[in-house]
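Visitor: Hi, I have a protein model open and would like to talk it through with someone. Could you help me read it?

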Amino acid sequence: MVRNYTKKTARTTNIPPGIIQRALEDYNTHGGTRSTASMFNIPRSTLREYIKKLKTMPADTDSISKFKVGYSKHRQIFADMTK
């Protein structure tokens, strides 16, 4: 019986928040998910999900800096105070 699972791919590796924010800024200025994803070396589907999330946020000038990257716990009650 296997007790310690080892990942076989690096498909779901965490992307640093700074790279996602720079990629979103580049997408807003130049457009094009394919070129932006290849420039920042992130999966295109991941970039599309973050773009969709950004479009649902209120349209103010500082929305990219307020953009939260990453996952939260399923039943998280209190706010994440790591920042």
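Visitor: Which residues are buried in helix α2?
Guide: Keeping in mind that this is a predicted model, the buried residues in helix α2, which covers residues 33-40, are T33, T36, A37 and F40.

Visitor: Why do they line one face of the helix?
Guide: If you look down the axis of α2, its buried residues fall within an arc of 100 degrees, and therefore they line one face of the helix.

Visitor: And what is exposed on the other side of α2?
Guide: On that other side you will find R34, S38 and M39, which are exposed.

Visitor: What do the buried residues of α2 pack against?
Guide: They pack against two helices, α1 (17-30) and α3 (44-55).

Visitor: Which residues of α1 and α2 meet?
Guide: From α1 there are I19, R22, A23, D26 and Y27, and these meet T33, T36, M39 and F40 in α2. The residues of this contact divide into 5 nonpolar, 2 polar and 2 charged.

Visitor: How do the axes of α1 and α2 cross?
Guide: The two axes come within 10 Å and cross at roughly 145 degrees, and the crossing of α1 and α2 is right-handed.

Visitor: What comes after α2?
Guide: The helix α2 is followed by N41, whose phi is positive, near 55 degrees.

Visitor: Stepping back, how many helices and strands does the protein have?
Guide: The secondary structure comes to 3 helices and 0 strands, and from the N terminus on the elements run α-α-α.

Visitor: What share of the protein is buried?
Guide: Of the 83 residues in the protein, buried residues make up 22%.

Key
Residues numbered from 1 in each chain as written. Predicted model: local features only at pLDDT ≥ 70, side-chain atom pairs only at ≥ 80, totals over all residues. Heavy atoms only, no water. Buried < 20%, exposed > 50% of the residue type's maximum accessible area, 1.4 Å probe, protein only. Helix = DSSP H or I, 4+ residues; strand = E, 2+ residues; numbered from the N terminus. Arc of directions from axis to C-beta. Contact = heavy atoms within 4.5 Å. Axes fitted to C-alpha atoms, helices over the stretch in contact; angles between N-to-C directions. Left-handed = near helix turned anticlockwise from the far one by under 90°. Nonpolar A, V, L, I, M, F, W, Y, C, P; charged D, E, K, R; others polar.
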